[in-house]
Amino acid sequence: MAEVIRMPKMSDTMTEGVIAAWLKKVGDTVKSGDILAEVETDKATMDMESYADGTLLYIGVEKGQAVPVDAIMAVIGNPGEDYQSLLSGGGSTQQPAETPKETAPAAQPTAPAAPAVDTSNIKAKTVQMPLLSDTMTEGVIHTWLKKVGDKVKSGDILAEIETDKATMELEAYEDGTLLYIGVEAGQAAKVNEVIAVIGEEGADYKALLNAGSAATTPAQPEVKAEQSASPASPQTTSTPESATSNANNGRILASPLAKRLAEEKGINLSDVNGSGEGGRIVKNDVDSFTPKAKPTAVQSQTPVVAAAPAGQESYEDVPLSQMRKTIARRLAESKFSAPEFYLTMEFTMDKAIKAREAMNEISPVKISFNDMVIKAVSAALTKHPMVNASWLGDKIRKNHHVHIGMAVAVEEGLLVPVIRFANTKTLSQIAAETKDLGGKAKNKQLQPKDWEGNTFTVSNLGMFGIEQFTSIINPPESCILAVGAIKETVGVKDGQFFVTNIMKLTLTCDHRVVDGATGAAFMVTLKQLLEEPYKLLV
């Protein structure tokens, strides 16, 4: 008797999974324990095993699509067995084609919607906007590195995608010809939305798009693809012959890191020879680049712009980046849903200043005051576990591990790389890790493992001279600590004035998890650790 295969719940926070790859196809014989598919959850990509013997009769979800927990994914049974009644009872689509789609994921753009359309003979595959971070809902096509008509192989870089965290590369998973581009450079596409089609030359990709009702612009796709392959290039000056090998219809092919390094060094990418695939410019090309002497006459090609008359009104509308959209959404949710309260305390940093000077004489890496705060916070959290807890809506999770998020300001907004198991690390280890993660954040080199899983966040604006501020909680955390600048001031003791150094710290607490007394006790422990820094070493 045929049995349905449903999306399993692979983690306690999982609500849906994305099919990363099918390892079996319709008609294959499977046994209990065989790996049917790779499923991307909110935590990791995991193997999904078969728990039945038989033949794979039906696959209801295409690769790259999201599936709610318990939704029907496939059917296993005897060859030729009628399984339509199982699909009807499970609330799935009635289409028996090899790659139909469940109706459970609402408004998925790539799902075949019309039962009458048979796409099994179309030798082409859709390329969808991938889920590149746990908070990503859409991505912006930063650059297309291939154009319609180009030959592509599995592993080739198709495009650069700007997410809410970083600019990342989109790889091709199919061999063939790029038949269609559905989203122009600079435009946004929702996760799982069709952005391109790869297949055999002459394949009827329009029928594939119409069957899924998913193309961004099903009308006149050739025109749209042509436009997306050749957007206006910012390089207006003539390029030397060395750059023609890495230019793509006027666009310079370069990795995000290479672009950032070139901008920082003032290097024109059109002057750089690319050593990557298809003449693509990579980091080593920029690092090893030596500018050539140019005739002075060329330097005068830039037109002179007249100064704007005094009093002229002007403005510039800046489109929201994916990072800024996510910051706005998540912090608005936090601010207007969590009942926050704030606890501020002054810390005397005289002993901490002397201890830091002594430790830096022997430490292999320079220890900052922020590193000392992170170490003290991690130690205090082990004594006050509720401050290290998370609000999950219907329950409170008391985390037994301590992962400290470190807020880092970048050009587009804010990133929070994570120091994992901070309570188990020495000050020098924390110092080395914060410097490494901070550099990766500024260069957009962070990977998902670098920013996921924080249980508490430290936000420090002291280096800018800010004496005191309050931070908004980063959900699902229950607390965040705002660190101000160390300020030399005058203190009074036993009627005598003396010079001392004070730092103000403010703890923002979610009152659904942390009560006032609990937060205050945490701050007292933190004060003891920072004012007597030898306690951080034992």
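The legends below walk through a few close-up views of this predicted model. Residues are numbered from 1 along each chain as its sequence is written, and side-chain values use heavy atoms, leaving out hydrogens and water. In this predicted model, local features need pLDDT of at least 70 and side-chain atom pairs count only at pLDDT 80 or more, while totals for chains, interfaces and linings use all residues.

**View 1. Strand β10 is mostly covered.** Find residues 138-144, which make up β10. Strands here are DSSP runs (E, at least two residues), just as helices are runs of H or I with at least four residues, and both are numbered from the N terminus. Six of the seven residues in β10 are buried, a word that means under 20% relative accessible area, with exposed being over 50% and partly exposed in between (1.4 Å probe, protein chains only). In a regular strand the side chains alternate between the two faces of the sheet.

**View 2. β10 pairs with β15 and with β12.** Two strands pair if DSSP finds at least two bridges between them. β10 and β15 (residues 188-190) run antiparallel and are joined by three bridges; look for Gly 139, whose bridge partner in β15 is Ala 189. With β12 (residues 157-162), β10 pairs in the antiparallel sense over four bridges, and here Thr 143 stands opposite Glu 160 of β12.

**View 3. Lys 146 and Asp 156 form a salt bridge.** A salt bridge is a side-chain nitrogen of Lys or Arg within 4 Å of a carboxyl oxygen of Asp or Glu. For Lys 146 and Asp 156, the N to O distance is 3.9 Å. This pair links distant parts of the chain, ten residues apart: Lys 146 lies in the loop between β10 and β11 (151-152), and Asp 156 in the loop between β11 and β12. Both Lys 146 and Asp 156 are buried.

**View 4. Lys 487 forms a salt bridge with Glu 467.** The closest N and O atoms of Lys 487 and Glu 467 are 3.3 Å apart. Lys 487 belongs to strand β27 (residues 479-493), whereas Glu 467 sits in the loop between β26 (456-460) and β27, 20 residues apart. Lys 487 is partly exposed, at 41% relative accessible area, and Glu 467 is also partly exposed, at 38%. The structure holds 14 salt bridges.

**View 5. Residues 90-114 have pLDDT under 50.** pLDDT is the predictor's confidence in each residue, from 0 to 100. The protein chain has a mean pLDDT of 80, but pLDDT also stays under 50 over residues 214-247. Where pLDDT is low, the predicted coordinates should not be read in detail.

Technical notes
Contact means heavy atoms within 4.5 Å.
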